[in-house]
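User: I have a model open and would like to go through it by question and answer. Please keep to what can be read from the coordinates.

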There are 2 protein chains.
Amino acid sequence: MTAVVLLSGGMDSCLTCAYALDAGFDVAALHVNYGQRTQERELASFHAICDHYGIAQRLVVDISHLAAIGGSSLTDSRIDVAPHSSLVTRHSSLPTSYVPFRNANILAIATSWAEVLKAEAIYIGAVEEDSSGYPDCRDSFFDAFERVIEEGTGPDTHIKIMRPVIHHSKQQIVEESMRLAAPLHLTWSCYRNSDAACGTCDSCALRLRGFQQAGVEDPIDYVERPRYI
Amino acid sequence: MTAVVLLSGGMDSCLTCAYALDAGFDVAALHVNYGQRTQERELASFHAICDHYGIAQRLVVDISHLAAIGGSSLTDSRIDVAPHSSLVTRHSSLPTSYVPFRNANILAIATSWAEVLKAEAIYIGAVEEDSSGYPDCRDSFFDAFERVIEEGTGPDTHIKIMRPVIHHSKQQIVEESMRLAAPLHLTWSCYRNSDAACGTCDSCALRLRGFQQAGVEDPIDYVERPRYI
């Protein structure tokens, strides 16, 4: 019983991987570089988490053509990363870190691999609450994608998209990670830096707030750890 | 009014491009390499067709990670390309040239680009009849993908997947190409060769039959042009 787990190297996907293992799946771990600024640091976390869990089956895919397509502050160096309190939106309700249709690109790759592996599930660590309005992080999007998989793969292929953390708060992510002993000390969240986390970008702020609310100290290093989040 | 047109360099997508232009769209042409044996030849056809139509906006994307994922004779050199009369299937009803979920990967990229360009349509040259049972070449798959686009993109983005040749026979492809003066002499179909088409692979056989039934001579060169198709 195999599951393809999307493992970015962040907390959410780390806990998602812990859930897949806890459910008894053999995990095949997929990491996607999409030309984001911190991709080397995230890749290092991916391998560290795989090593921790003894996951041998790993696939690293580069989709940096999304950077060429542009339109996002994560991949386009001409757009500044906004501090979390002052999101400047391109569209009416989309944050600047939005990569157009990113999760669909990632799920398409995951499905191709899952079909070859005869996997029964794809695990993704999307979180609706803190996804800042990304349209491809919602249950309705994943439901629609499951339908595309059913229509677009062979007759013997049936793959569920598991999103065990989608309704978790960041506090719950931390608490559940503690319960399952997920290796959060190996994860990376910062959008801006690759050595010590900046502590001020949107992703750092969400992470730090989660640890604070769970009453747990974040084990990674920060350049600046804000007192009030 | 912009449309992203998937232009492989084959006849079907060439006619599809002609339809998009005929409908009055500004065309942005997307070509995808997926590690197939004849990708350089197909890329040359892509640029030749773009030059012919004066299409300036072009994007070439490499998704050869699909080759690493494997499972197809088009990308896996360990699997022979079957002659068209003796398809050896891996699954009960899938031909060996099937790349798992290929069209979903391609449409995901097309959608990312279309959202940035504020395009209203994606044109794809899928043909249900001669797609040999590829599950991701059917209307029901494209309908499901349109739903994914609606769910997974920004609130202002509405993109239709146009498939003007999906119910065409290869004879109709040739006849309609004549009517619209689509440059079939610049297209490439052979799965096996990159100089003169082999004339015997599945794709060559379908192409030659279409020209024969339309009563038109195929303008490209063949190593061997079978008398009976």
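**Strand pairing and packing**

User: How many bridges pair strand 1 of chain B with strand 4 (residues 121-123) of chain B, and in which sense?

Analyst: This is a predicted model. In it, Val5(B) of chain B stands opposite Tyr123(B) in strand 4. Strand 1 and strand 4 of chain B pair in the parallel sense, and the number of bridges is three.

User: Strand 1 of chain B also pairs with strand 2 (residues 26-33) of chain B; which residue there stands opposite Leu6(B)?

Analyst: Strand 1 and strand 2 of chain B pair in the parallel sense over five bridges. In strand 2 of chain B, the residue opposite Leu6(B) is Leu30(B).

User: What is the strand order of the open sheet in chain A?

Analyst: The secondary structure of chain A comes to seven helices and five strands. From the N terminus on, its elements run β-α-β-α-β-α-α-β-α-β-α-α. The open sheet has five strands with parallel pairing, in the order 3-2-1-4-5.

User: Which strands of chain A stand at the edges of the sheet?

Analyst: The order of the open sheet in chain A is 3-2-1-4-5. Each edge strand has a single partner strand, so one side of each is left without a neighbour in the sheet. The twist averages 25° from one strand to the next. The edge strands of chain A are strand 3 (58-62) and strand 5 (160-162).

User: What angle does the direction of helix 1 (residues 11-22) of chain A make with that of strand 1 of chain A?

Analyst: Strand 1 (residues 2-6) and strand 2 (residues 26-33) of chain A run parallel and are joined by five bridges. Leu6(A) has Leu30(A) as its bridge partner in strand 2 of chain A. Helix 1 of chain A packs on the sheet, touching strand 1, strand 2 and strand 4 (121-123) of chain A. The angle between the directions of helix 1 and strand 1 of chain A is about 170°.

**Single residues**

User: Is Phe101(A) buried or exposed?

Analyst: Phe101(A) lies in the loop between helix 3 (65-69) and helix 4 (102-117) of chain A. Its phi is near 60°, a positive value in a residue other than glycine. Most residues other than glycine have a negative phi. Because Phe101(A) has 31 C-beta neighbours inside 10 Å, it counts as buried.

User: Lys118(A) has a positive phi; is Lys118(A) buried or exposed?

Analyst: Phi of Lys118(A) is near 55°. Lys118(A) sits in the loop between helix 4 and strand 4 of chain A. Lys118(A) has 11 other C-beta atoms within 10 Å, so Lys118(A) is exposed.

User: How far is Leu208(A) from Lys170(A) in space, C-alpha to C-alpha?

Analyst: Leu208(A) lies in helix 7 (residues 202-214) of chain A. With 20 C-beta neighbours inside 10 Å, Leu208(A) counts as buried. Leu208(A) and Lys170(A) are 38 residues apart in sequence, and their C-alpha distance is 8.9 Å.

User: What percentage of the residues in chain A is buried?

Analyst: Of the contacts in chain A with a separation of 6 or more, 72% are between residues 24 or more positions apart. Chain A has 229 residues, and the buried share is 52%.

**The two chains**

User: What kind of axis relates the two copies?

Analyst: Chain B can be laid on chain A with an RMSD of 0.0 Å by a turn of 180° and a shift of 0.0 Å along the axis. The copies are therefore related as by a two-fold rotation axis.

User: Which element of chain B gives the most residues to the side that touches chain A?

Analyst: The contact takes 36 residues from chain B and 36 residues from chain A. Helix 3 (65-69), helix 4 (102-117) and helix 5 (139-152) of chain B each give two or more residues to this side of chain B. By class, the side has 17 nonpolar, 14 polar and five charged residues. The most, 10 residues, come from helix 4 of chain B.

Note on methods. Residues numbered from 1 in each chain as written. Chains lettered and ligands numbered in written order. Predicted model: local features only at pLDDT ≥ 70, side-chain atom pairs only at ≥ 80, totals over all residues. Least-squares fit on C-alpha atoms with pLDDT ≥ 70 in both. Pairing = 2+ DSSP bridges. Helix = DSSP H or I, 4+ residues; strand = E, 2+ residues; numbered from the N terminus. Axes fitted to C-alpha atoms, helices over the stretch in contact; angles between N-to-C directions. Contact = placed C-beta atoms within 7 Å. Buried ≥ 20, exposed ≤ 12 C-beta atoms within 10 Å, placed from the backbone. Nonpolar A, V, L, I, M, F, W, Y, C, P; charged D, E, K, R; others polar.
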